[in-house]
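Biologist: I have the model open and would like to talk it through. Could you start with the surface and then take me inside?

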Amino acid sequence: MIVPVSAVFAAVLGLLLLFLSFLVSRYRLKFKQGLGVSEDIDFQATVRAHANLVEYAPIGLIMLAIAELNGVSSTLIYWIGMGFVVGRLLHAFGMINGRGGPHMARMAGILLTWLAILALSLLLFWNVFQVYG
């Protein structure tokens, strides 16, 4: 089976992960800190932006792929996936630029991420109910 819509979102999130990994590595070299973080707030915010992506991306991508494999409309997968990916991008941007504090992009990213996961959860329940009643 092929999941082209989910694959595109996975590719975009993979690139975001590499970018955030690069930023974290740059701070690790700058502060000679191989483990943990220093007291630098920008370093801490960057590490958390990276970690937050690692925490949320797998479940979102798994849910998108399952929905796509189960035959859910590609249009629905596309729009929910777009919300999820934009949410992850906004969160990372807001976390880093807001230095870990409140930032509109971070808040919007959290909301889009949560809404996408909620929509996928409901969609998967509905899909299973339709198939197995």
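**Surface, helices and salt bridges**

Modeller: The protein exposes about 7800 Å², and carbon and sulfur atoms supply 73% of that area, where accessible areas come from the Shrake-Rupley method with a 1.4 Å probe and, for residues, only the protein chains shown count as cover. This is a predicted model, in which local features need pLDDT of at least 70 and side-chain atom pairs count only at pLDDT 80 or more, while totals for chains, interfaces and linings use all residues. Residues are numbered from 1 along each chain as its sequence is written, and side-chain values use heavy atoms, with hydrogens and water left out.

Biologist: How many helices and strands are there in the protein?

Modeller: There are four helices and zero strands, so from the N terminus the order reads α-α-α-α; helices (H or I, at least four residues) and strands (E, at least two) are DSSP runs, numbered from the N terminus.

Biologist: And what share of the residues is buried?

Modeller: Of the 133 residues, 38% are buried, meaning under 20% relative accessible area, with exposed being over 50% and partly exposed in between (1.4 Å probe, protein chains only).

Biologist: Switching topic, at what angle do helix 2 and helix 4 cross?

Modeller: The axes of helix 2 (residues 41-69) and helix 4 (residues 104-132) cross at roughly 35° and come within 10 Å, the axes being lines fitted to C-alpha atoms, for helices over the stretch in contact, with angles from 0 to 180 degrees between N-to-C directions.

Biologist: Which residues make the contact?

Modeller: Helix 2 contributes residues including Tyr56, Ile59, Gly60 and Met63, and helix 4 contributes, among them, Trp114, Ile117 and Leu120, with contact meaning heavy atoms within 4.5 Å.

Biologist: Now the charges: how many salt bridges does the structure hold?

Modeller: The structure holds two, a salt bridge being a side-chain nitrogen of Lys or Arg within 4 Å of a carboxyl oxygen of Asp or Glu. In one of them, arginine 99 meets aspartate 42 at 2.7 Å, N to O. Arginine 99 lies in the loop between helix 3 (74-97) and helix 4, whereas aspartate 42 is in helix 2, so the pair ties together parts that are 57 residues apart in sequence.

Biologist: Is arginine 99 buried, exposed or partly exposed, and which is aspartate 42?

Modeller: Arginine 99 is partly exposed, with a relative accessible area of 44%, and aspartate 42 also counts as partly exposed, at 25%.

Biologist: What about arginine 48, which residue does it pair with?

Modeller: Arginine 48 forms a salt bridge with glutamate 55, and their closest N and O atoms are 3.2 Å apart.
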